[in-house]
Amino acid sequence: MTHLTARTYHPKFACLALTGLVSAMLVLTPVAAKALDLDSYLDTVRKDNGLPALAAAVIEDGKVVAAAAVGTRVLGKDFPVTIDDRFHIGSNTKSMTATLAGMMVEEGKLRWDSRIGEVLGDDVKGMSASLANATLEQLLSHSSGIPTDDEEMIDLYFNTDAFEYNLSDLRLHLLDQWKENEISVPDGSPFQYSNLGYIIAGMMIEKVTGTPWEQLMRERIFTPLEMQTAGFGAQATYGLIDAPVGHRIEPDGSATPMLWGPAADMPPVLAPAGNVHMSIIDYAKWADWNAGKGARGPALVSAETLHHIQSAKVHTPVRDNPPPGTPSTGDYGLGWGFVTFDWADGPIMTHNGSNSLNLAKIAIDPERDLAIVVTTNFAGGKADMAAGEVMQHLYETYTK
């Protein structure tokens with residue numbers, strides 16, 4: 001599903017075309033029994049595709065039934081990964097932003113049909129009428145009319161103004177620079193994958209709470225779910241090789257490890273669209289909470305609100321002759337795609353995430369209460385195919 005991957009066309013990111021309740025909810029003890037088999041399988045896939053590291057977890061009925069992380073933190077170096085290592089999940093952050101929005105709706109601070117101009121108009125004056133009238137739900141379902149990243153947007157993301165503002169103010173400044181653009185929904189499907197749309201949704205959340213998006217993520221999602229490794233930006237601590245670092249694929253096919261600093265991730269202004277990192281086990285907690293339809297707790301949002309988030313809102317355009325493993329079409333909800341793969345017997349709730357240095361995939365079958373997460377610190381076609389192969393293999397293995 002490459003159309004669900006965060007896409008950055010800047011040269012720095014040459015991409016493919018980003019509480020005790022939980023302890024009872026997610027049982028980790030079954031991991032040991034299955035880890036050895038998964039270790040061996042993942043390492044074979046990793047080596048066959050030239051990946052530095054590869055991690056995956058399978059969650060079934062609220063239990064991690066398999067989890068492993070194999071390989072090295074830096075390609076060609078002896079820095080073995082561990083099960084607690086942080087991986088970047090890119091645009092798979094979007095479902096978390098959508099869940100924050102659901103919280104705001106439940107609290108009466110926003111509505112799904114809240115308009116951009118209604119919420120942000122006092123801070124960003126002079127928006128085009130079409131932009132001002134776009135709604136929160138349209139932003140979260142990529143159906144607002146805001147287009148996919150173009151050169152103008154990329155220039156704004158990488159603007160040196162980042163050195164002058166806190167992130168919440170920087171996002172307002174970004175919108176102020178883009179505000180006069182008219183937007184329009186294309187004929188046929190309204191779907192246009194839009195990182196800017198998610199930035200604006202994050203801004204609406206910040207406005208009605210008076211709290212930065214990053215702080216809300218920690219307080220309202222990471223902490224309740226006990227995602228202790230979850231954070232933002234590049235995976236490794238500045239000055240340490242303590243996580244699998246992302247790798248940039250050069251024009252000649254070689255790979256350069258991007259350790260820390262601005263080149264190791266997308267600009268942080270894009271955070272609501274995709275700059276979260278976490279271990280495969282913590283990512284499994286997020287997958288499990290969604291697979292269980294929120295019933296196992298904690299009650300981040302009501303079952304009704306989560307159902308709204310996890311329901312299809314738009315049909316995605318048909319792609320002619322898509323790459324292997326890439327569906328030709330599907331549906332999109334709020335931060336989630338819905339695709340019928342040829343290896344599944346019904347629609348799967350799914351998403352891809354990449355900052356063009358790393359790659360993550362998630363697949364959830366709520367009817368089976370089954371979820372699979374796969375991450376690697378590599379990008380490009382081989383990483384996409386390898387992660388897709390793992391996702392398919394694990395789904396078939398655990399649905400027999």
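Some housekeeping. Residues are numbered from 1 along each chain as its sequence is written, and this is a predicted model, where local features need pLDDT of at least 70 and side-chain atom pairs count only at pLDDT 80 or more, while totals for chains, interfaces and linings use all residues. Side-chain values use heavy atoms, with hydrogens and water left out.

Okay, the overall picture. The chain has 14 helices and 13 strands. Of its 400 residues, 59% are buried, and buried here means under 20% relative accessible area, with exposed over 50% and partly exposed in between (1.4 Å probe, protein chains only).

Back to Ile183. Is Ile183 buried or exposed? Ile183 counts as buried, because its relative accessibility is 10%. And what does Ile183 touch? Leaving out residues up to four places away in sequence, the list is Ser130, Leu131, Ala134, Ser144, Gly145, Ile146 and Trp178, where a contact means heavy atoms within 4.5 Å. Ile183 and Ala132 are 51 residues apart in sequence, and their C-alpha atoms are 9.7 Å apart in space.

Now the sheet. There's an open sheet of 8 strands, in the order β2-β1-β13-β12-β11-β10-β9-β8, with antiparallel pairing. Its edge strands are β2 (63–71) and β8 (314–315), each pairing on one side only. For two strands to pair, DSSP has to find at least two bridges between them. Take β12 (residues 359–365) and β13 (residues 370–376): they pair in the antiparallel sense over 7 bridges. Asp365 stands opposite Leu370 in β13.

Lying across β1 (53–60), β2, β11 (348–353), β12 and β13 is helix α14 (residues 381–398), which runs at about 25° to β12. For that angle, axes are lines fitted to C-alpha atoms, for helices over the stretch in contact, and angles run from 0 to 180 degrees between N-to-C directions.

Last stop, helix α12 (residues 280–291). How many residues of α12 are buried? It's 12 of the 12, so α12 is largely enclosed by the rest of the structure. Among them are Lys285, Trp286, Asp288 and Trp289.

Definitions and conventions: Helix = DSSP H or I, 4+ residues; strand = E, 2+ residues; numbered from the N terminus.
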